[in-house]
Amino acid sequence: MDRRTIVNFVLILLLTAVAIYAVVWQQHPAWLTNLLFWQPASSRNLDFQLGLDLQGGLQVLLVADLPEGRAVDSQSMATARRIVESRVNALGLTEPVVQVQGSERIVVEIPGIEDPAQAVDTIRETAMLEFVTPPAGVTAETLYTIRQLQMPISTTYLMSEAEIQSVSAMTDVMLFQTELTGGDLDSAYVVRDPNTSQPLVAIEFKSEGAAKFASYTASHVGESLCIVLDKRILSCPTIQTAIPSGKATIEGSFTYEEASQLAVQLQYGALPIPLKIESYKAIGPSLGAQSVEKSVRAGIVGLVVVFLFMLIYYRLNGLAADLALALYVLLNLFLYKLVPVTMTLPGIAGFLLSVGMAVDANILVFERMKEELRHGRSLKRAAEAGFSRAWTSVRDSNLATLLTCAILYLFGNAFAASLVKGFAITLAIGTVINLFTAIVVTRTFIRLAFSAAGEQIQKHAWLLGL
Amino acid sequence: MINFVQNRRLFFTIAGILIALSLVALLVSAILFDGQALRISIDFKGGTLFVLHFDQTVEESAIRQVFIDNGHTGPIVQRLGAADDNTWQVRTRFAETEEVQKILDDLDTQVGLVNRTLSNWNTVEPTVGAEVAQYAALAVLAASAAVLAFIWFSFRRVPNPFRYGVVSIAAMLVNVVITLGFYALMGILQGWEADALFLTALLTVIGFSVQDVIVVFDRIRENIPRHRGEPFELIVNRSVLETVHRSLATQLNAMFVMVAILLFGGTTIKPFIAVMLVGMLSETFTSLCVAVPLLVVWEGRDHRHSFARATA
């Protein structure tokens with residue numbers, strides 16, 4: 001037995017131990033997960049990442065909706081993405097993904113969401129302007145502080161009666177009563193204060209809104225009315241007199257640019273580019289759980305059959321291949337957690353398929369080995385010849401698989417086909433790991449077995465399936 | 001043992017029948033579904049697909065009515081799974097999110113509660129669909145080009161690389177036609193639609209389709225100098241027999257896994273796996289029973305010729 005084989009064997013055992021620890025144990029200490037520097041600092045972990053189709057959720061593909069001839073610049077796409085992201089984050093769900101795709105699309109993925117309709121509304125929302133009454137007993141100082149700190153506030157807009165009731169019951173939440181919204185606006189534009197020449201945003205209500213505004217201001221003279229944009233207070237002017245005209249101005253110590261931006265936002269929506277929903281996909285969370293369960297069961301059945309087949313057909317070699325295959329499965333799962341790879345249903349299928357394919361390299365080698373033995377080679381010679389002669393075939397077929405994966409990945413990446421991408425990634429990872437387990441690991445096991453008990457094995461030819 | 005070379009007439013006939021059947025399936029599908037040789041899914045042409053799980057038994061006509069009332073004329077309503085699954089699939093044109101919401105609410109009130117956690121819906125604008133279809137065509141071209149490059153690379157040291165290449169590609173094309181034919185048939189019988197996953201399966205089949213051919217041809221190349229004086233046919237048949245164990249063993253393993261997923265996996269993934277299964281089965285057949293005999297027909301005459309000259 002040569003030293004290299006033993007060193008390899010020890011290294012394989014070590015790798016197995018690490019992989020078992022990472023895959024089987026659910027909890028890992030923080031100092032360990034912090035070593036995963038390539039993962040985003042906020043969510044370093046060794047958990048399986050489930051795709052939308054497995055944990056349910058919402059995928060929305062938004063596209064820039066500009067008039068013919070106007071080009072989309074990447075700067076405004078980036079801004080639009082940031083705004084959409086902050087809105088999605090405001091929903092308080094775990095790990096939403098908001099990405100720019102190509103030159104004019106934004107993909108939003110929100111896993112595990114219960115109410116996709118609400119999320120879609122939030123994403124599509126244009127700059128949401130509200131005129132709200134502060135809750136009773138809130139002082140001007142408090143309002144000033146909230147405004148200075150840009151703290152998000154709770155308003156009754158879009159809340160049901162029941163929700164309003166339950167939120168009002170909470171003592172630590174200030175609930176602002178929404179009186180009017182941006183939907184009541186007819187137009188918005190920049191004017192300058194005649195006295196200070198400070199830029200202001202002038203707004204005009206539609207007739208219905210104007211009537212509401214008139215009656216509200218008439219009955220609340222001397223009180224504060226807060227103007228709120230996207231749940232943040234812009235200003236809280238005091239109502240001096242009733243305003244029947246349906247016209248008002250918003251003060252906010254703006255620069256001219258800020259004022260004109262706000263005016264545009266109020267009129268056309270806060271996004272620098274209008275976005276339109278191009279594709280929208282909602283998957284019920286329990287549906288995903290069912291899929292996971294079924295796939296795992298199918299996978300286990302398939303794997304057991306493959307293990308048995310190898311064992312029965314190739315006997316001792318098959319045992320070595322099975323051990324290598326077990327390590328193969330383990331290393332794949334380990335990498336899925338390490339990278340991390342988002343698991344999707346086709347991804348799981350790709351992985352299972354790659355297990356079926358993974359034995360191909362072993363089969364090429366074992367068939368060669370049998371041939372060499374039939375030609376009267378000694379056991380060790382046959383084994384080495386099997387591995388070295390089969391190598392070109394193994395290399396070629398794996399190369400072809402990787403090529404296919406690359407094309408699939410590019411195709412999946414070109415638009416939001418995360419399912420296709422998932423399949424390509426798991427199949428590619430599987431192919432690479434397979435080269436390691438089928439060649440290095442199996443060879444080490446077989447060398448060990450042959451050096452330890454070569455003579456006995458040679459006497460019992462059935463052990464090799466001859 | 002089967003003689004792969006001598007039985008070539010039989011194999012060519014089988015291949016011919018399979019190709020003819022596939023073309024018929026594609027043609028029938030085209031006639032039935034306004035020119036769609038494969039039923040195209042919303043991924044490529046836009047539209048909305050609902051999979052609705054109801055908490056109680058519901059009537060197909062009631063579901064249809066809700067869609068029609070919401071301005072979706074001619075929705076395709078199908079039952080999924082067993083009767084007591086209460087799961088229905090509805091296909092219709094592209095719908096705005098408000099429309100989708102309205103339809104779901106109307107289903108709740110007029111048909112029966114839609115269990116949101118077990119349902120899903122997907123809507124795609126027609127323009128995106130067209131773009132995806134373009135990418136799909138590109139991907140198929142790229143995959144074919146990659147296979148060509150791969151064949152060229154594998155056979156660069158063979159005397160007549162062109163012949164090996166052409167024969168491999170012929171086998172790949174036969175394989176693709178059979179796979180497409182199978183899907184067209186399932187489209188007619190089961191309503192399977194060609195979606196992004198189908199394309200994934202097809203690309204995978206294309207990618208794998210020359211593997212067996214290459215292993216066999218590799219062996220032929222190795223055996224030619226070893227067995228000088230033997231007729232080419234014999235060398236080829238020997239090479240096939242030497243590699244057939246590997247081809248079958250590998251196929252069997254991949255099949256174990258795929259059949260397991262077909263039997264125990266979820267319904268959504270079934271067409272995907274089925275395409276791959278059929279593609280791989282037909283790949284084994286086309287490699288051994290089409291590519292190899294074709295090569296013998298083409299190369300054999302020359303080989304015998306040069307052999308005769310060498311001994312003369």
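Modeller: A crossing is called right-handed if the near helix is turned clockwise from the far one by less than a right angle, and left-handed if anticlockwise. Before going on, keep in mind that this is a predicted model, where local features need pLDDT of at least 70, side-chain atom pairs count only at pLDDT 80 or more, and totals for chains, interfaces and linings use all residues. Residues are numbered from 1 along each chain as its sequence is written, while chains are lettered from A and ligands numbered from 1 in the order in which they are written.

Back to our pair. Helix α3 covers residues 60-69 of chain B and helix α4 covers residues 97-110 of chain B; their axes come within 10 Å and cross at roughly 140°. (Axes are lines fitted to C-alpha atoms, for helices over the stretch in contact, and angles run from 0 to 180 degrees between N-to-C directions.) That angle makes α3(B) oblique to α4(B); under 35 degrees counts as roughly parallel, over 145 as roughly antiparallel, 65 to 115 as roughly perpendicular, and the rest as oblique. On the α3(B) side, A62(B), I63(B), V66(B) and F67(B) meet I103(B), D106(B), L107(B) and Q110(B) of α4(B). Two residues are in contact here if their C-beta atoms, placed from the backbone, lie within 7 Å.

Now for another pair in chain B. Helix α1 (residues 8-32) of chain B packs with helix α6 (residues 161-190) of chain B at about 45°, and their axes are 8 Å apart. So α1(B) is oblique to α6(B), and their crossing is left-handed. Among the residues that meet are L18(B), L21(B) and A25(B) from α1(B), with V174(B), I178(B) and G181(B) among those from α6(B).

Where do these helices sit in the chain? The domain assignment, which comes from an automatic or database source, gives domain 1 of chain B as 8-39 + 127-311 and domain 2 as 49-123. The centres of domain 1 of chain B and domain 2 of chain B, taken over C-alpha atoms, are separated by 40 Å.

Let's zoom out to the whole of chain B. It has ten helices and four strands, counted as DSSP runs numbered from the N terminus (H or I, at least four residues, for helices; E, at least two, for strands). With a radius of gyration of 25 Å, well over the 20 Å that the globule rule gives for 312 residues, chain B is more spread out than a compact globule. (The radius is taken over C-alpha atoms, and the rule is 2.2 Å times the number of residues to the power 0.38.) Along the principal axes, the C-alpha atoms of chain B fill a box of roughly 90 × 35 × 30 Å.

Of the contacts in chain B between residues at least 6 apart in sequence, 79% join residues at least 24 apart.

Finally, chain B has a neighbour: its contact with chain A takes 53 residues from chain B and 56 residues from chain A. On the chain A side, α10(A) gives the largest share, 15 residues.
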